[in-house]
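Try each task before reading its solution.

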Amino acid sequence: MSKQPVHTAPATDDRPPARGAGLLVVAVYVVFALAASARAGVQLVRGAAEAPLAYGLSGLAAVVYVLAAVALAHNGRRMRRLAWTAVTIELLGVLAVGVLSVAQPDLFPRDTVWSHFGGGYGYVPLVLPVLGLFWLWRSSPGRVARASESR
């Protein structure tokens, strides 16, 4: 047995960025990142003290949408992990704020992106993380590789 070091080429991720349905999901996230950021910015500048919980949650939603949009647009392992995390936080946020805004409306004197399960945005904030998680699962490199091996 030779003790010569083994030299291999560095691993590179040469997969193309999102295409097809994935590109549509990314595009909707970009639109929501811009809309939530603008809404949160206006709310926080005009009167953060007026509804601190609601406006703070708008800011959180904006950050989550920006992170999700950037992470979903990339194929790297770390970005996919970030996407899974951001989209899961988004889903949990929509569900939690949706329930609280219906059960305890006095907590939310002003609406957020996630209030009433995203009703002010046509319930897209409720559906979008489900689509995002489905797309992440569907486009998983491990799942795709296993599927191609079984053919």
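**Exercise 1.** Where is tyrosine 123 found?

*Solution.* Tyrosine 123 lies in the loop between α3 and α4. Helices here are DSSP runs (H or I, at least four residues), numbered from the N terminus. This is a predicted model: local features need pLDDT of at least 70, side-chain atom pairs count only at pLDDT 80 or more, and totals for chains, interfaces and linings use all residues. Residues are numbered from 1 along each chain as its sequence is written, and side-chain values use heavy atoms, with hydrogens and water left out.

**Exercise 2.** Describe the backbone and exposure of tyrosine 123 and histidine 116.

*Solution.* Start with the general rule. Most residues other than glycine have a negative phi. Tyrosine 123 has a positive phi of about 65 degrees, yet it is not a glycine. Histidine 116 has a positive phi of about 50 degrees and is not a glycine either. Histidine 116 also sits in the loop between α3 and α4.

Now take exposure. Buried means under 20% relative accessible area, exposed over 50%, partly exposed in between (1.4 Å probe, protein chains only). Tyrosine 123 is partly exposed because its relative accessibility is 45%. Histidine 116 has 36%, so it is partly exposed.

**Exercise 3.** How far apart are valine 130 and threonine 88?

*Solution.* In sequence, valine 130 and threonine 88 are 42 residues apart. In space, they are 8.8 Å apart, C-alpha to C-alpha.

How values were computed:
Helices (H or I, at least four residues) and strands (E, at least two) are DSSP runs, numbered from the N terminus.
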